[in-house]
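Have the viewer open as you read.

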Amino acid sequence: MTDRHAENSQLTDLQTYRSQTMKDYGLMIEYKHMKHHVPSGIYVLPNFDEPRVWHGVIFIHQGLYRNGIFKFSIKIPEQYNATGTYPKITFYSKVFHPYVYPESNDLDLLPKFPTWDPDLHYIVSVLVYMKSIFYSKEFSPDVRRVANGKALDLFRRHPEAYVEQVDACVQASLTNLYQNEPGSSLRFTKPIPAHETLRQEFLQQLEPSPSAFAHV
């Protein structure tokens, strides 16, 4: 009886391992395809040591959040992509927005994905939604149904105060740009003046001199 129990346990462990391996492989395939469909202005790289943690950044060029550079992480559950297994997006700096929780900086996915359907929803779907919130001007009418009720209230009743809060979080994103998170595969470094000088010299060498056309 003991031997049979041990054999059944080993079989269960093997099945679990195979199932998880297939999920991990599926995630790799999804990332490969996602690179060709990710919205413009968004860049994502998996963590070097944790394949289910991805690091990303979004550049905002228009709207209230223009000039913002918001870094974020994507944490993917082990059971992804199964029904109800939402990925989790967390911004590294404050994002003042009705759909971002002020305490955790987590993006609220429920307004777009009330239920998670693995046949319809993928991480790229979340990235499309994430980009859209920075340009959206329509939100749930109930402040109790949004992640940040204060932000929604200011947006409707005191738009100037809302813009001030948005400007502050945009500035914070730029201030924290070069503070790279531990383990992040996406890193920013400050520009070095000497590198810019070399770049300009290199470009000048590529430009044809006037004498090159003297005998044409």
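## Confidence first

A quick definition to start: pLDDT is the predictor's confidence in each residue, on a scale from 0 to 100. You need it here, as this is a predicted model. Averaged over the protein, pLDDT comes to 85, and 80% of the residues get to 70 or more.

Which elements sit at the two ends of the pLDDT range? Strand β4 (residues 88–91) has the highest mean, 97, while helix α1 (residues 2–34) has the lowest, 65.

## The largest pocket

The largest pocket has a volume of about 170 Å³. Its lining is made up of D24, L27, M28, Y31, K32, P46, P51, R52 and W54. Sorted by class, that lining holds six nonpolar residues, three charged ones and no polar ones.

Where does the largest share of the lining come from? From α1, with five residues. Keep in mind that α1 is also the element with the lowest mean pLDDT, 65.

## How α3 meets α4

Next up is a helix pair: α3 (residues 149–157) and α4 (residues 159–175) have axes that come within 6 Å and cross at roughly 130°.

On the α3 side, the contact uses A151, L154, F155, R156 and R157, which meet P159, A161, Y162 and Q165 in α4. By class, this contact has six nonpolar, two charged and one polar residue.

## Two backbone spots to check

Most residues other than glycine have a negative phi, and most peptide bonds are trans. Two places in this model go the other way.

The peptide bond from Y80 to N81 is cis, its omega being near 10°. N81 lies in the loop between β3 (69–75) and β4. Then there's N67, a residue other than glycine with a positive phi, near 75°. You'll find N67 in the loop between β2 (53–59) and β3.

Methods. Residues numbered from 1 in each chain as written. Predicted model: local features only at pLDDT ≥ 70, side-chain atom pairs only at ≥ 80, totals over all residues. Heavy atoms only, no water. Helix = DSSP H or I, 4+ residues; strand = E, 2+ residues; numbered from the N terminus. 1 Å grid on protein atoms, 1.4 Å probe; cavity = no way out; pocket = protein on both sides within 12 Å on 5 of 7 lines; lining within 4 Å. Points joined across faces, edges and corners; volume = space filled by probe spheres on them. Nonpolar A, V, L, I, M, F, W, Y, C, P; charged D, E, K, R; others polar. Axes fitted to C-alpha atoms, helices over the stretch in contact; angles between N-to-C directions. Contact = heavy atoms within 4.5 Å.
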